[in-house]
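Subject: Structure for your review

Dear colleague,

Please find below the structure that I am handing over to you, together with its sequence. My findings follow it, arranged by topic.

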Amino acid sequence: METEEAVLALSALSQSTRLEAFRTLVKHEPDGLAAGDLARLLAVPQNTLSAHLSILTRARLVTSERRSRSIVYRANLTEIRDVAVFLLRDCCGGRPEVCEPVVQTLQSCCSPKRKERSGA
């Protein structure tokens with residue numbers, strides 16, 4: 001990732017409605033949300049949300065596809081991963097222990113949940 005791409009992504013997320021839209025879309029992965037449903041969840045007028053989604057799309061943080069009469073938006077998890085890696089790549093300055101707390105936090109919050117065994 002280049003610096004300009006990271007700046008574009010971070011600036012797109014620097015507004016509260018866009019940040020909440022992105023976070024909401026992440027929660028609805030992998031199915032995504034129709035634009036109208038997202039607007040209702042965020043209590044934002046559809047035309048306002050459309051402008052915000054356009055900015056997120058230009059920053060490649062959100063993708064869209066037409067499904068029947070709806071446009072469904074999805075978070076681009078690959079792009080946000082690339083932004084996070086861009087931010088953390090040089091954080092340790094050759095000392096991995098500096099970034100270890102961040103890595104552990106990400107692992108604990110993002111680990112797959114174990115399925116409980118039934119009946120045994």
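I begin with a residue in a loop. Asn76 sits in the loop between strand 3 (70-75) and helix 5 (77-88). Please bear in mind throughout that this is a predicted model. With a relative accessibility of 19%, Asn76 counts as buried, because the limit for that class is under 20%. Setting aside residues up to four places away in sequence, Asn76 touches Phe22, Arg60, Leu61, Val62 and Thr63.

Overall architecture

The protein contains 6 helices and 3 strands. Along the sequence these elements follow the pattern α-α-β-α-α-β-β-α-α. The protein has 120 residues, of which 28% count as buried. Among contacts with a separation of 6 or more, 53% are between residues 24 or more positions apart.

The sheet

The strands of a sheet pair through backbone hydrogen bonds, in either a parallel or an antiparallel manner. Here, 3 strands form an open sheet in the order 1-3-2, and the pairing is antiparallel. Strand 1 (33-34) and strand 2 are the edge strands, each pairing on one side only.

Strand 2 (residues 62-67) pairs with strand 3 in the antiparallel sense over 6 bridges. Within this pair, Arg67 has Ser70 of strand 3 as its bridge partner. The hairpin of strand 2 and strand 3 has 2 residues between the strands, and Ser68 in this hairpin adopts a positive phi near 60°.

Helix packing

Two packed helices are described by the angle and the distance between their axes. I have two such pairs to report.

For helix 2 (residues 16-27) and helix 3 (residues 35-42), the axes come within 11 Å and cross at roughly 120°. These two helices are therefore oblique to each other, and their crossing is right-handed. Helix 2 contributes Thr17, Glu20, Ala21, Thr24 and Leu25 to the contact, while helix 3 contributes Leu38, Leu41 and Leu42. By class, the residues of this contact comprise 5 nonpolar, 2 polar and 1 charged.

For helix 3 and helix 4, the axes come within 9 Å and cross at roughly 105°. Angles of 65 to 115 degrees count as roughly perpendicular, and helix 3 and helix 4 are therefore described in that way. On the helix 3 side the contact is made by Ala35, Gly36, Leu38, Ala39, Arg40 and Leu42, and on the helix 4 side by Gln46, Leu49 and Leu53. The residues of this contact divide into 6 nonpolar, 2 polar and 1 charged.

Met1 lies in the segment before helix 1 (3-12). Its relative accessibility is 31%, so Met1 counts as partly exposed. Met1 and Val83 are 82 residues apart along the chain, yet their C-alpha atoms are separated by 7.3 Å. Leaving aside neighbours within four places in sequence, Met1 is in contact with Ala6, Glu79, Asp82, Val83 and Phe86.

Backbone features to inspect

Most residues other than glycine have a negative phi, and most peptide bonds are trans.

- Glu29 and Pro30 are joined by a cis peptide bond, with omega about 5°. Pro30 is found in the loop between helix 2 and strand 1.
- Ala43, although not a glycine, has a positive phi of about 55°. This residue lies in the loop between helix 3 and helix 4 (46-58), and Ala43 counts as exposed at 70% relative accessibility.
- Arg60, also a residue other than glycine, has a positive phi near 65°. Arg60 is placed in the loop between helix 4 and strand 2 and is partly exposed, with a relative accessible area of 42%. Arg60 is also one of the residues that Asn76 touches.

Yours sincerely,

A colleague

Note on methods:
Residues are numbered from 1 along each chain as its sequence is written. This is a predicted model: local features need pLDDT of at least 70, side-chain atom pairs count only at pLDDT 80 or more; totals for chains, interfaces and linings use all residues. Side-chain values use heavy atoms; hydrogens and water are left out. Axes are lines fitted to C-alpha atoms, for helices over the stretch in contact, and angles run from 0 to 180 degrees between N-to-C directions. Helices (H or I, at least four residues) and strands (E, at least two) are DSSP runs, numbered from the N terminus. Angles under 35 degrees count as roughly parallel, over 145 as roughly antiparallel, 65 to 115 as roughly perpendicular and the rest as oblique. A crossing is left-handed if the near helix is turned anticlockwise from the far one by less than a right angle, and right-handed if clockwise. Contact means heavy atoms within 4.5 Å. Ala, Val, Leu, Ile, Met, Phe, Trp, Tyr, Cys and Pro count as nonpolar, Asp, Glu, Lys and Arg as charged, and the others, Gly among them, as polar. Buried means under 20% relative accessible area, exposed over 50%, partly exposed in between (1.4 Å probe, protein chains only). Two strands pair if DSSP finds at least two bridges between them.
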